[in-house]
Amino acid sequence: MRGRAQGARRSCGRPGGVSEELHGLRRRLVEFAAARRWEPYHTPKNLAAALSVEAAELLEIFQWLTPEESARVMAEPDTAHRVEDEVADVLAYLLQFCESLGIDPLAALSAKIDRNEERFPKP
């Protein structure tokens, strides 16, 4: 792993629960890309661009729905499948992006929540 983001230095590979499963998924993504020799294309810039495209594809599903329709999107099997696929694509590119920069996404999220709790105290 290359450089690490400040506040996100803990290893995602620590044992137990979600972090262990996340580490396994990150490893599978690395192995998948390596087997296809895609590493030269998995630069932080390219992965950030791909993440943005996949997030836009997720948004496209909801583009013309009312708030009420969007809340029921998972009730329609075909639409639910599309949402799950796009969520998977977004997460895959986010994990690959984190891997490329040595960021532990769970530690980064925890640090961000800590900062937000300080910035936006309870009323």
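Me: If contact means heavy atoms within 4.5 Å, what percentage of the contacts in the protein with a separation of 6 or more comes from residues 24 or more positions apart?

Reply: The model is a predicted one, and its elements run α-α-α-α-α from the N terminus on. Among the contacts with a separation of 6 or more, the share that joins residues 24 or more positions apart is 72%.

Me: How many helices and how many strands does the protein have?

Reply: Read from the N terminus, the order of elements is α-α-α-α-α. The count for the protein is therefore zero strands, and the helices, as DSSP runs of at least four residues, number five.

Me: Is arginine 26 buried or exposed?

Reply: Arginine 26 sits in helix H1, which covers residues 17–35. Its relative accessibility is 4%, and the cut-off for a buried residue is under 20%. Because 4% falls under that cut-off, arginine 26 counts as buried.

Me: With which residue does the side chain of arginine 26 make a polar contact?

Reply: Arg26 is listed with Ser19, Leu22, Gly24 and Ala33 as the buried residues of H1. At a distance of 3.0 Å, its side chain makes a polar contact with the side chain of glutamate 99.

Me: Against which helices do the buried residues of H1 pack?

Reply: The residues in question are Ser19, Leu22, Gly24, Arg26 and Ala33. They pack against two helices, one spanning 77–101 and the other 105–119, namely H4 and H5.

Me: How far apart are the end C-alpha atoms of H1, and what span should its 19 residues have?

Reply: The expected span of a helix is 1.5 Å times one less than its number of residues, so for the 19 residues of H1 it should be 27 Å. The end C-alpha atoms agree with this, since their separation is also 27 Å.

Me: Which residue just after H1 takes a positive phi?

Reply: Helix H1 consists of residues 17–35. Just after this helix, a positive phi of about 60 degrees is taken by arginine 37.

Me: How far apart in space are valine 83 and isoleucine 61, C-alpha to C-alpha?

Reply: Valine 83 belongs to helix H4 and, at 8% relative accessibility, counts as buried. Leaving aside residues up to four places away in sequence, valine 83 touches Leu58, Ile61, Phe62, Val73 and Met74. Valine 83 and isoleucine 61 are 22 residues apart in sequence, and their C-alpha to C-alpha distance is 7.3 Å.

Conventions: Residues numbered from 1 in each chain as written. Predicted model: local features only at pLDDT ≥ 70, side-chain atom pairs only at ≥ 80, totals over all residues. Heavy atoms only, no water. Buried < 20%, exposed > 50% of the residue type's maximum accessible area, 1.4 Å probe, protein only. Polar contact = N/O pair within 3.5 Å; in protein donor to acceptor, adjacent residues only side chain to side chain. Contact = heavy atoms within 4.5 Å.
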